[in-house]
Amino acid sequence: MQNQGPLNGVKILDFTHVLSGSYGTMLLGDLGADIIKVEKIGSGDALRNTPPLKNGESAYFFCTNRNKRCLELDLKKKGARDIVYRLVEKCDVFAENFRPGVMDRLGLGYEKIREIKPDIIYASLSAFGEIGPYRDKPGFELIIQSLTGLVGVTSEPGGKPSKVQPQVVDICGGMFMGTAIWGALFHRQYTGQGQRIKTSLMEGLFALMTNFVYMHLMGAEIPNKLRSRNPMMFPSQSFKTRDGYMSVVVVPAHWERFCTALGKTDWINDPNLSNVVYRVQHYDEMEALVEETTSTKTTAEWLEIFEKHEVAAAPINSIEEMFVDPRLKALVMLRTMNHIKAGEIKIQDLPWQMSETHSGVKLPPPALGEHTCQLLSENGFSNQEIEQLLAEGVVAETYKARA
């Protein structure tokens, strides 16, 4: 029998929504866990309505919900809570990313869930944590990028503030929540103890900013408006060419290669230019000096030269160009699957390979309510109970109504 992944047999009751928490639980599903995604009846996760859409299904929803099954539930209806309690009895992990206090008001807080399942691992991801003055404030990508200094260090000098476009706040928050859950599962395996996990988007991005954090802690001045620059090394940025820009990274050990590639061998032993500290301290001057040379040839010409001298360099691809780049194509990062509503779709495959514990994309992102009856049946609900719950509007299969 084929191994289904290192978390095969782990069952997760997933109340996460939008991007951050959903990304974290998706990673657990990628590793083989059975993810029961609980969604609001009728509308589901807010990402379901976010364009672009294919046959009414959202690309944004797809990016965080592969390897999950969907239970459509109305928590305001009598009996919905009892369904959750029955599901909890058979689950290992309960995950949510509502504002602090919401799950307690719904009767689904940690203390109540622990009464039902004493060894449950209960993971909460909020925007700013469960203490402090921002506890109840909404947290969004741009807000937290701004608060943690990320916008400040990446914006164009003299220009308008610029955010990092990939959702790094949400993705980091989800990844750190998932990492903590893996650790808690390992702990429970040896001790039998469940536990409460709390993390936040603010903490996640603070952790991601670690190089800047330690520059500050060691008393260094933090440079802002860096664009593509690395504040700790030069050259490490984009440079102007005759027809555009290219990115180049030269670690200190590769300085001689870089100088030779540029035809500037006199820089190799120059007491100032050969010193990386000097180069960083005189970043503007060094950038101008390098671009006097790089602007004389095209990007393609420089990439060929740097390849010959083993200097790390790359074109600045658009997203469309990334998809035809031979380096990405060689990694086979996409696979084709059939979705019950959207038809044939392409799904990102996993960014890792494991030799002994197979993991991968087994399920496409679910349609709203696609697995409601299946999940209830698997968890001990009779056909009569399921029909009654459907008739009362406690649960639903909206995907059928929208077919």
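Me: Which residue lies over the face of Y85, and at what distance from the ring centre?

Reply: A charge sits over a ring if NZ of Lys or CZ of Arg is within 6 Å of the ring centre and within 35 degrees of the ring normal. Here K112 lies over the face of Y85, at 5.2 Å from the ring centre. Before we go on, note that this is a predicted model, in which local features need pLDDT of at least 70 and side-chain atom pairs count only at pLDDT 80 or more, while totals for chains, interfaces and linings use all residues. Residues are numbered from 1 along each chain as its sequence is written, and side-chain values use heavy atoms, with hydrogens and water left out.

Me: How many aromatic pairs does the structure hold?

Reply: Rings of Phe, Tyr and Trp (its six-membered ring) pair if their centres lie within 6.5 Å, and planes under 30 degrees apart count as stacked, over 60 as edge-to-face and the rest as tilted. The structure holds eleven such aromatic pairs. One of them joins W255 and W267, whose ring centres are 6.3 Å apart with the planes at 10°, so the pair is stacked. Helices (H or I, at least four residues) and strands (E, at least two) are DSSP runs, numbered from the N terminus. In those terms W255 lies in helix α11 (residues 255–262) and W267 in the loop between α11 and α12 (276–281), so the pair ties together parts that are twelve residues apart in sequence.

Me: Are W255 and W267 buried or exposed?

Reply: Buried means under 20% relative accessible area, exposed over 50%, and partly exposed in between, with a 1.4 Å probe and protein chains only. W255 and W267 are both buried. F258 and F306 form another stacked pair, with 6.0 Å centre to centre and 20° between the planes. F258 lies in helix α11 and F306 in helix α14 (residues 299–308), so this pair ties together parts that are 48 residues apart in sequence. Both F258 and F306 are buried. Ring pairs link W255, F258, W267, W302 and F306 into a cluster, and the charged end of R279 sits over the ring of W255, 3.9 Å from its centre.

Me: What is the strand order in the open sheet of three strands?

Reply: Strands of a sheet pair through backbone hydrogen bonds, either parallel or antiparallel. The working criterion is that two strands pair if DSSP finds at least two bridges between them. The order in this sheet is β9-β10-β11, with antiparallel pairing. Because β9 (236–240) and β11 (312–315) stand at the edges, each with a single partner strand, one side of each is left without a neighbour in the sheet. Five bridges join β9 to strand β10 (residues 245–249), and K240 stands opposite Y245 in β10.

Me: Which helix packs on this sheet, and at what angle to β9?

Reply: Axes are lines fitted to C-alpha atoms, for helices over the stretch in contact, and angles run from 0 to 180 degrees between N-to-C directions; contact means heavy atoms within 4.5 Å. Helix α13 (residues 283–294) packs on the sheet, touching β9 and β10, and its direction makes about 45° with that of β9.

Me: What is the strand order in the open sheet of seven strands?

Reply: The order is β8-β7-β6-β1-β2-β5-β14, with mixed pairing. The edge strands are β8 (195–200) and β14 (395–396), each of which pairs on one side only. Strand β1 (residues 11–15) and strand β6 (residues 93–96) pair in the parallel sense over four bridges, and D14 stands opposite A95 in β6. Helix α1 (residues 20–30) packs on the sheet, touching β1, β2 (34–40), β6 and β7 (121–126), and its direction makes about 155° with that of β2.

Me: At roughly what angle do the axes of α8 and α9 cross?

Reply: Two packed helices are described by the angle between their axes and the distance between the axes. Angles under 35 degrees count as roughly parallel, over 145 as roughly antiparallel, 65 to 115 as roughly perpendicular and the rest as oblique. The axes of α8 and helix α9 (residues 201–208) come within 8 Å and cross at roughly 100°, and α8 and α9 are therefore roughly perpendicular to each other. The residues in contact include V168 and F176 of α8 and L201 and L208 of α9.
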